[in-house]
Amino acid sequence: MAKKRFAWAVLVLSLVAAIALGWHYRLPRVELITTELTAIEQRVVASGELRYQQVHQVAAEITGIVTARKVREGDQVQAEQLLITLDRQQADNALKQAQALLTQALKSRQPQLQAALTEATAQRQQAQRELDRRLDLAKRGFLSQEAVEQARLQLQRLQQQQQQARLANQDLSLQGAELKRLQEQVAAAQLSVDKTQITAPFSGVILSKEVEQGDVVQPGQRLLTLADTGSLEVIMALDEQYSAPVSLGQRASVIIDAWPEQELTGQVSFIAPQVDASRGTLDIHIQLARWPAAIIPKHGMTASVTLHVAQRQQAVVLDRAVLAWDQQQQPFVWVLDAAQRLHKQVIELGLTNQQSVEVVKGLAPKQRVVIPQPSLRAGQRVRYDTQ
């Protein structure tokens, strides 16, 4: 009888165990993540382009014919190096004419005017003596008043002539207006001659040429495009929605597509003051620390840029796959409590990157977080594999 009861007990226990096991396997199976303190870095990633920031359009300042173009695209040039020459015959002729006029004024006209002033001064002095003599004779009754007035008029006329000679002489003196005008004409003619020799305003590389020998050019016409090689930067067009954490001085990692094995370092040197409305992007300038000898950068090359905008050494970090969002677009996670039941835990996010997020509020280390599934609901029991 005892054996029969024992058999029934074993059967009941087996049945209960089978029912419990069946019920257990009907529970949804989930994957768990245990939160830990770890480091996280927020990064902003975008594509960029190499551009020279100091680009100068070398233009003609006078009308002329190109007699020689001494550089081509890609040439490295030094400051003041001759780039283009224009026909200078007309400018040389104008300079010779201006110099001749100045020489004539200094060597011929100036002595003549000085002599004329000397003669006019002598004549005025003589007229003054004649007037004094007639005044004396008129006082003694030996000469009429009419003769005195004639001498006075003659003195006034000669005084005017002397003044005119003095003014003409002053115009050709070292401070004179006429001499200054002639000197300015020489200087302007010399400048026109100088402008036929077009030189580099700074050291750099020739990006493009727009003229050939024999072309007629006009003032303001572009002849060459020169870039300062030291001004090469990486410009990244960043979608405006990702621009908030970007600031000056942040570290950047740059990989030029042509040299994918070389990672260059730099920093944010400029942030455009306005968004390009047509693209919805903001230009971020990256100044690189140095260019390795193996890299020969070219204007227009593409690059991948990573901005290291912030980091934490100790933070509760979750994979983005763990996040869920409620109807109010608030982030939450499914947390497993001690009774193996699920509940929603609303969280507050901090730093983010493409793979991970920092949780600044709502979670602590060593909590069990469930990777979300469509069928999960609050209060639900779940099963999972133990580690």
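**Exercise 1.** Which strand gives the most to the lining of the second largest pocket?

*Solution.* Start with the ground rules. This is a predicted model, where local features need pLDDT of at least 70 and side-chain atom pairs count only at pLDDT 80 or more, while totals for chains, interfaces and linings use all residues. Residues are numbered from 1 along each chain as its sequence is written, and side-chain values use heavy atoms, leaving out hydrogens and water.

Next, the terms. Strands are DSSP runs of E with at least two residues, and helices are runs of H or I with at least four, numbered from the N terminus. A pocket is an open set of points on a 1 Å grid over the protein atoms alone, where a 1.4 Å probe fits, with protein on both sides within 12 Å along at least five of seven lines; lining residues have an atom within 4 Å of a point.

Now the reply: strand 9 (residues 204-209), with three residues. The whole lining has 13 residues, and Val205 is one of those nearest the centre of this pocket.

**Exercise 2.** Find the strand that gives the most to the lining of the largest pocket.

*Solution.* First look at the lining: 13 residues, with Arg43, Val44, Tyr242, Arg320 and Thr352 nearest the centre. Then pick out strand 3 (residues 37-52), which gives the most, four residues.

**Exercise 3.** Describe the chain as a whole: its helices and strands, and its buried share.

*Solution.* Begin with the elements: four helices and 23 strands. Then take burial (buried means under 20% relative accessible area, with a 1.4 Å probe and protein chains only). Of the 387 residues in the chain, 34% are buried.

How values were computed: Buried means under 20% relative accessible area, exposed over 50%, partly exposed in between (1.4 Å probe, protein chains only).
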